[in-house]
Amino acid sequence: MPLLSPDNSRITRNHSFRSLEMVKVDMDKEFDLQPFGVDYGRLENGLVYYVKCNPKPKKRAALALAVKVGSVLEEEDERGVAHIVEHLAFSATKKYTNHNIVKFLESIGAEFGPCQNAVTSFDETVYKLLVPIDKPELLSEAIQVLAEFSSEIRLSKDDLEKERGAVMEEYRDNRNASGRILDAYWTLMMEGSKYAERLPIGLENVIKTVSSQTLKQFYQKWYHLCNMAVIAVGDFSDTKSVIELIRTHFGHKNSASDPPPIANLPVPSHEDPRFSYFVEPEASGSAVMICYKMQVDEVKTVKDYREMLVKSMFRIALNRRFFKISRRKDPPYFSCSIASYILVRQLKAYIMTSSCKEKGTLEALESMLIEVARVRLHGFSEREISVVRALLLSRIESAYLERDQMESTILRSEYSQHFTDNKPIIGIEYEAQLQKSILPDILATEVSKFAEKLWTSCSSVIQIVEPQASAVVDDLKNIVMKINKLESERSISPWDDEHIPEEIVSLKPNTGKIVQQHEHINMGATELVLSNGMRVCYKCTDFFNDQVLFTGFSYGGLSELPESNYFSSSMGSTIAEEIGVFGHRPSVLMDMLAGKRVDVDIEVRAYRRTFYGDCSPFYFETALQLVYQLFTTNVTPDDEVIKRVMQVKEEAILARERDPYTSFSNRAREINYGDSYFFRPFKKSDLQKVDPLKACQYFNTCFKDPSTFTVVIVGNIDPAVALPLILQYLGGIEKPPEPVLHFNCDHIKSLPFKFPKTITREVVCSPMIEAQCMVRLCFPIGLKKETLEEEIHYTEFISKLLETKLLQLLRFKHGQIYSASVSEFIDGDLPCLSGDIRGDIRIDFSCDPKISLKLVDLALNEILRLREEGPSDQDVITILEIEQRAHENGLQENYYWLSRILCSYQSRIYSGDVGTSFKILDEGRSNVRKSLTPLTTQLALQRIMPHKNQYTVVILMPQTPWFKRLRSFPQWTLHGIDAKILAAIAALTVLALSLRRYSQKS
């Protein structure tokens, strides 16, 4: 059946891209400098503004203050100052003191978090707010906050001292393996320019010692209204009133009469490639990075826009080749891709990155360079480019369909880039017309020519990263010369593409029938029971014109397995996906799906087997075809695939063992959940226990019986179109004559959690290059069955309360952490489990190792205080507001509705009627919200976390001499690589003392 029926469905009405008129292309036509579709202007004092009415999300506004001031403007003794100023903006201004800006944001439900409200880069600093505007005064006050940032940041000595620790912790977070690798690569890429020595995070010494006076000098020198823009995108009734608010709060401010110019700092080009062989003992794997630098292309004319499309096509085509190479026998790398980045204001780069086996970097480098040379010699084929063309047309079609449903935060980002980077905004309608008109005329020869700009003699930088040295820089140079020689001799063969089948499903299945149908008005959904037993629930929405989400699940998973089968079966889905779970190899399926907006994935976990995905309404049939293939495909072991999967897994295990955090997370998991094989991470020795045949056999049983599956579909679906497809491809899956999995799906085995009964404090000492410290506190929780759903909501509120209070205490009062996260884990809330509802509340934060014990005590004391005294009225108002705003936003999202319906099926209260389950869950949330007061929150805290003396604290510390650790942690258990050594030293000490006493007595 064709996807688009001839009736006047809303899908057909919205699908106007294919009937969109093509434009007559004038390559010399210049784009308007004014951004399209937004009120844009400049106040008398030089401040630029962008104001746009946008209804998504409803009753919200995305605001920003973009400042063309970044770290590159810092002097040597100011390295890091731009970022510190950004931090202190939220600490105190002329009007707001003592982090009152953060309190204001949280009080109106606008959460504050790391990198969520501001970002400092090399060339700009952007302050961002996402605020509710259902009360008239909120928008005005939010704009006033931005006005304070523009000229009234206080930058006092006390403010600086309180925030120094938080900035230092952010610095420390970046000093891991990834941070060191990227910093070294950046320095090499930018060598010869000021950018090389102006990383936004700054220098440790400057962060620790810079004076408030230096901050003020920098702020007063560079923060001028002529360097700023205010951006307001939201669900406004009109733009005129918003512009007036901007004028009210900013118009009276004066701009400097003669501000210092912001220079465009050059990055010198170079003919000879730069090489780096970077040995990083903690690296997550071996990698190759090849960077080709070039000037940023200004898109001023239609010709410029066409050239931009050509470059996009080149990247996509090359990435598809890289993916196919990574799926070959004995591939040179596990993954490889090319992407373009704007590095700094005047410079962009095309960066190829690959990950490979240890000591395989030279082979990976050679393969990457050969592929670019192959394109120069032989080009892409017309078939390859036709696939890429279909992909780009599909993307612009999706954007066009949802042109009136774009999130305000996305538009805010576009306007910010227009201001800071002069990125043109020509409107999605015109872009769609241009691409539809231009793309058909771009040929493979033109796309292939771009490879001429990717010679290693064109300002290239090549870096290899290995955990231990296996080569030298001269080896890299030799490979470059070797490829240049092969290319000059034309000794590189053309690309050999594989055959691609036309149809995903070769033989259409017999159509199933609907045997039951229920309308659940309270959640706006329809539920079907099909003739093969599969249950399907669908909800039609209009949140996004081009989005349909779906998830299918069945109970029973890895928890049912004995240890003898666990290791093979747990690898089943990984192996099967690489072989091809939809009847075709991944590299083939990629081409079959080119231009079709559809994605389907699978997951096998402890209690459930799940398939999930998203698609355009126009490719809903394709999505269901893939699900049909999932249930009808039998995967069989393929030696080449097995070898590659096991090699990737082994490299991942080795990488994890190099990571200092691994011993910490492993030990924390063991302490909190027990040492069952379900919770232990894979070891290299476990790979020997994996039987590929058993792995595939287990996977083949996971998605076989449709009668055990429930499928939830949410999005822009037209039942008249969707139902026949559901009946054919889901209803057409045959039910096996006998049960496939030999266990009772109604009563499955729970995981053997062993939550601690007492206080456990342990320090995990791990060798690390630079000192890192992570703290994890876990509190076991138990929920009463009688009021289970309300207890779950109470647990969520308690987690948010703890996160808010700990952030206030450790970040804003003591200034010693950058962020803290609090999460809840609940095990057992499923209809197929009958045991107790158990879980934990987990608190994580990183800090200076020297003060970790102090911060642990502060956190525990705060939790104890909340138990004994309860939160304040304002605390409760804040968490209620944050939860309500998140709920309001969620009601406009397909993902949120999908999650709510799935929870209604998967909650223990579900007994066959999903509408009733949904109602109970909704009422549970409402009841908790209505009852939430300081007293009820205190009682819930005492009830859900009943034991003062039942928690665990695990701290990751850098490895230091044993006597220092014994002195620092006299009452703590020490655990780590040298724990046995410590025990042996202690035993020898006792023995020595005993011998000494014996000799004296003699």
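Okay, let's start with one side chain: that of Arg-164 reaches the backbone oxygen of Lys-208 at 3.2 Å. The side chain of Arg-164 also makes a polar contact with the side chain of Glu-161, at 2.5 Å. By polar contact I mean a pair of N or O atoms within 3.5 Å; within protein, one has to be able to donate a hydrogen and the other to accept it, and residues adjacent in sequence count only if both atoms are side-chain atoms.

Before going on, the ground rules. This is a predicted model, so local features need pLDDT of at least 70 and side-chain atom pairs count only at pLDDT 80 or more, while totals for chains, interfaces and linings use all residues. Residues are numbered from 1 along each chain as its sequence is written, and side-chain values use heavy atoms, with hydrogens and water left out.

How confident is the predictor? pLDDT is its confidence in each residue, from 0 to 100. The chain has a mean of 91, and 94% of its residues reach 70 or more. Residues 1–14 have pLDDT below 50, and beyond near neighbours in sequence that stretch has 36 contacts in the model. Residues 977–1002 are below 50 as well, with 10 such contacts. Contact here means heavy atoms within 4.5 Å. Where pLDDT is low, the predicted coordinates should not be read in detail.

Back to Arg-164, which sits in helix H5, residues 157–173. Helices (H or I, at least four residues) and strands (E, at least two) are DSSP runs, numbered from the N terminus. Is Arg-164 buried or exposed? Arg-164 is buried, because its relative accessible area is 12%, and buried means under 20% with a 1.4 Å probe, protein chains only; exposed is over 50%, and partly exposed is in between. Neighbours within four places aside, Arg-164 is in contact with Val-206, Ile-207, Lys-208, Thr-209 and Val-210.

Next, a sheet. Six strands form an open sheet in the order S1-S2-S6-S3-S5-S4, with mixed pairing. At the edges are S1 (39–42) and S4 (118–120), each pairing on one side only. Two strands pair if DSSP finds at least two bridges between them. S3 (60–67) and S5 (125–132) run antiparallel and are joined by 8 bridges, with Ala-61 opposite Val-131 in S5.

Now over to strand S18 (710–715). How many of its residues are buried? That's 6 of 6, and both faces are covered: Thr-710, Val-712 and Val-714 are on one side, Val-711, Ile-713 and Gly-715 on the other. In a regular strand the side chains alternate between the two faces of the sheet. S18 pairs with S14 in the parallel sense over 6 bridges, and Val-536 has Val-711 as its bridge partner there. With S15 (548–555), S18 pairs in the antiparallel sense, also over 6 bridges, and Leu-549 stands opposite Val-714.

S18 is also among the elements covering the buried residues of helix H24. In H24 (719–730), the buried residues include Val-721, Leu-725, Ile-726 and Leu-730.

Last, the cores. A nonpolar core is a set of buried Ala, Val, Leu, Ile, Met, Phe, Trp, Tyr and Cys residues joined through side-chain atoms within 4.5 Å. The largest has 96 residues, of which Phe-611, Phe-703, Ile-713 and Leu-730 touch the most other members. H20 gives this core its largest share, 8 residues. Apart from it lies another core, of 85 residues, among them Ala-89, Ala-147, Leu-225 and Ile-246.

How values were computed. pLDDT is the predictor's confidence in each residue, from 0 to 100.
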